[in-house]
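Subject: Structure for your review

Dear colleague,

Please find the structure below, followed by a short account of what was found in it.

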Amino acid sequence: MTDTVLAKQSEADGHRFAPQDGKLILAHVLFAFGALVIGAIAGLLQGLVRGGIVTLPAGIGYYQLLTAHGVLMALIFTTYFIFGFIWASIARTLGDLMPQVRRMAWVGFALMTIGTLLGTVLILLNQATVLYTFYAPMKASPLFYIALVHVVAGTWASAAGLFVQYRYWRRKHPGQTSPLLAFMSVATMILWIVATLGVAATILAQLLPLSLGWTERVNVMVSRTLFWYFGHPLVYFWLLPAYMCWYVVIPKVIGGRIFSDSLARLSFVLFVLFSIPVGFHHQLMEPGISPLWKFVQVVLTFMVVIPSLMTAFSLFATFELTGRERGRRGLFGWLKAMPYKDVRFFAPFMGMLIFIPAGAGGIVNASNQMNGVVHNTLWVTGHFHLTVASGVALTFFGIAYWLIPAATGRKLTPKLHRLGIVQTWVWAVGMLFMSGAMHSVGLLGSPRRTAYTTYGDNAEAVGWMPYHVVMAVGGTILFVSVVLLVINIVLLLRAPRGVEEFPLGETAPDSPAVPVWLERWGLWVGIVIVLVLFAYTVPFADMIQHAGPGAKGVVTW
């Protein structure tokens, strides 16, 4: 069944999720926002401490807050929300979830939740202050790594359920093109599965045995390489669901059409191919890796520019065609036709705008010479907040404003629309202050991952303090936005009953058919494996063959 047919069905009789599917979606989304709130509190305190505005009471460490903020916001909030959105997308386009798929999804949710609760308690008890990247040889409690195993295993169980539902649909619809949103969900899960193999390997084979005392030393280079094998495609695990919204949901919200179904699918395939074998560009400043292989992975990194530009072209083509169909003229007159007062459009659109400088900053970070200037400075932290905490987070907020009502049988009222617009503006302004100050002071050399310090009142370090105060102001504004978001979610859960639309864009009736080869997942997964083997086999073997004595585990807090 095509997206066009599904969309017409929705218009005719109004789509309602099966109650069991609605509960599953809501559980993931609400848990995600619970993690966001705790992570935001930790982030607010971080900003105030680094700005020299408050001093933490005894028993709470800055790096403890940093770990909680990074893990809960970058890993837990995003992962839970993505699974909630993907389950909604699957149920909307492939039909109600099959009973065995629901069971697999709940098993995944349970494993993830056990891991999240255990990991959070250990961080708060100061037993796992290993920062967001949990780099070796820092050594946390063994229970922290067991918690991470539960989180990853839970995502694999859920992903397996998604594949079962997709495969069942393909068998029942031979020769038909799968719905675009389902295709994108499968691509996102394939990327996740391949990427998490790296982090699972370092946890199970290195960090957990080290923390249990089974091994005395750890190969740090192997550990960091496995982390960034996972860490960079993790960025695209965050981005692809946002792109799903931009490609499929936004055209419906603005009253337009998807520019090209085939182009959208091709861009997702290219993201899967080019986002995985590129982790070395996070290790450009590290010894132990041949410059040749760093160069190879930097080249592969820049290949991601191709699907990124395809995405930008497709989105703005949809905007322009929609605007001109409404009679807008002039070079940019079509921009006036966009529904800026509709939070379902406005929040993701702000995410798109902020993502433009974020993408440019990413090119800087991947360039060897420029990376040498900004590496380990607050510039990188600012870049991270523009991409994940702006482009991705704002899109997720926009999705939540219609997904929560759609899953609960409520209506998104005009009042809640307006509150969502205000919340989006507050977030954007807060990020402007915080990320802008991070980029600026990063160029001046201020390091990241450090608590408040003037380095013995060094004149240069003291000169950075006004930027840190601006960062604290920006962080406070962002926290206000989180409070507004929570208020809106509570009101959404108590909104009048009704049917809220799941916006599902259509392609033009005369659009070319989607090439069959785009859905040959065996082909694309095979190419990913070849690229990974090409990019990692030789340097990884070198790390093993020429390994030093290794490092003993350390507790730095």
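Helices (H or I, at least four residues) and strands (E, at least two) are DSSP runs, numbered from the N terminus. The model is a predicted one, in which local features need pLDDT of at least 70 and side-chain atom pairs count only at pLDDT 80 or more, while totals for chains, interfaces and linings use all residues. Residues are numbered from 1 along each chain as its sequence is written, and side-chain values use heavy atoms, with hydrogens and water left out.

Most residues other than glycine have a negative phi, and most peptide bonds are trans. The loop between α4 (99–124) and α5 (142–172) holds Pro137, which is joined to Ala136 by a cis peptide bond with omega of about 10°. Phe134 lies in the loop between α4 and α5 and, although not a glycine, has a positive phi of about 35°. With 5% relative accessibility, Phe134 counts as buried (under 20% relative accessible area; exposed is over 50%, partly exposed in between; 1.4 Å probe, protein chains only).

Tyr455, in the loop between α14 (414–443) and α15 (459–463), also has a positive phi, near 50°. At 41% relative accessibility, Tyr455 counts as partly exposed.

Finally, Ile53 is located in the loop between α2 (19–50) and α3 (62–94). Its relative accessible area is 47%, so Ile53 is partly exposed.

Yours sincerely
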